[in-house]
Amino acid sequence: MTDDVPWDHDELTVGELAARSGVRVSALHFYEKQGLISSRRTSGNQRRYQRETLRRVAFIRVSQRVGIPLADIGAALATLPGDRTPTAKDWRRISKAWHADLDARIEQLQRLRDHLTDCIGCGCLSLRKCRLTNPFDELGTAGPGPRTLLVEDLDPA
Ligand code: FES
């Protein structure tokens with residue numbers, strides 16, 4: 001438990017949400033402005049967030065880390081119910097919808113990790129291996145970019 005975020009509070013202040021999620025208050029305000037999270041206002045006009053907002057913020061943060069555009073994250077969060085705490089079933093729907101995209105991202109990361117010392121078919125012809133893998137840059141006839149490294153299923157960044 002983060003010292004200043006009691007586990008038994010159903011509602012959190014923006015400071016508590018920031019402390020437990022590890023996301024700055026300014027970023028939380030930005031997420032709210034984008035409609036990714038929501039809060040209610042107290043009579044003193046202070047924000048109060050449902051505790052389940054921590055899961056949404058975690059989802060946003062990790063998804064951004066692996067390069068998923070905020071628009072796609074927003075579209076996924078918009079499928080969650082707004083009038084009740086989402087269940088595992090609700091999150092499973094997102095997981096299923098993202099499965100193929102996440103697989104492609106994993107494949108892209110693995111290729112980057114495992115093949116950076118090989119010829120990546122980018123047209124540079126700068127490695128000795130290029131002569132074997134990409135003589136006369138013949139891979140360039142298949143299209144632009146690093147032909148042996150790119151995962152086709154991923155949206156071009
Ligand atoms: S690494 Fe660029 S063409 Fe081989």
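1. Basis of the note. This is a predicted model, in which local features need pLDDT of at least 70 and side-chain atom pairs count only at pLDDT 80 or more, whereas totals for chains, interfaces and linings use all residues. Residues are numbered from 1 along each chain as its sequence is written, and side-chain values use heavy atoms, with hydrogens and water left out.

2. Domains. The domain assignment gives domain 1 as residues 2-97 and domain 2 as residues 116-153, the bounds being those of an automatic or database domain assignment. The centres of domain 1 and domain 2, taken over C-alpha atoms, are separated by 42 Å.

3. The sheet. Three strands make up an open sheet in the order S1-S3-S2, with antiparallel pairing; S1 and S2 are the edge strands, each pairing on one side only. Strands here are DSSP runs of E with at least two residues, helices are runs of H or I with at least four residues, and both are numbered from the N terminus; two strands pair if DSSP finds at least two bridges between them. Strand S1 (residues 11-12) is joined to S3 by two bridges, and Glu 11 has Gln 50 of S3 as its bridge partner. Strand S2 (residues 40-41) is likewise joined to S3 by two bridges and runs antiparallel to S3, with Arg 41 standing opposite Arg 47.

4. The hairpin turn. Five residues lie between S2 and S3, which form a hairpin. Asn 45, in the loop between these two strands, has a positive phi of about 65° although Asn 45 is not a glycine. Most residues other than glycine have a negative phi, and most peptide bonds are trans. Asn 45 counts as exposed because its relative accessibility is 52%, where buried means under 20% relative accessible area, exposed over 50%, and partly exposed in between (1.4 Å probe, protein chains only).

5. The largest pocket. How much space lies in the largest pocket? The volume is about 320 Å³, that is, the space filled by probe spheres set on the grid points, which are joined across faces, edges and corners. A pocket is an open set of points on a 1 Å grid over the protein atoms alone, where a 1.4 Å probe fits, with protein on both sides within 12 Å along at least five of seven lines; lining residues have an atom within 4 Å of a point. There are 21 lining residues, and the closest to the pocket centre are Ser 38, Gln 50, Glu 52, Arg 56 and Gly 82. Strand S3 (47-50) and helix H3 (53-65) are the elements that give two or more residues to this lining, and S3 provides the largest share, three residues. By class, the lining divides into seven nonpolar, seven polar and seven charged residues, where Ala, Val, Leu, Ile, Met, Phe, Trp, Tyr, Cys and Pro count as nonpolar, Asp, Glu, Lys and Arg as charged, and the others, Gly among them, as polar.

6. Ser 38 is in the loop between helix H2 (25-33) and S2 and counts as exposed, because its relative accessibility is 55%. Its C-alpha atom lies 12 Å from that of Arg 84, a residue 46 positions away in sequence. Arg 56, by contrast, lies in helix H3 and is buried, because its relative accessible area is 10%.

7. A buried helix residue. Ala 76 belongs to helix H4 (residues 70-77) and is buried, because its relative accessible area is 7%. Ala 76 and Ile 60 are 16 residues apart along the chain, and their C-alpha atoms are separated by 10.0 Å.

8. The structure holds zero disulfides, a disulfide being a pair of cysteine sulfur atoms within 2.5 Å. Cys 122 is partly exposed, because its relative accessible area is 39%, and Cys 124 counts as partly exposed at 43% relative accessibility. Leu 125, in the loop between helix H5 (88-115) and helix H6 (128-133), has a phi near 50°, a positive value in a residue other than glycine. Leu 125 counts as partly exposed, because its relative accessibility is 41%.
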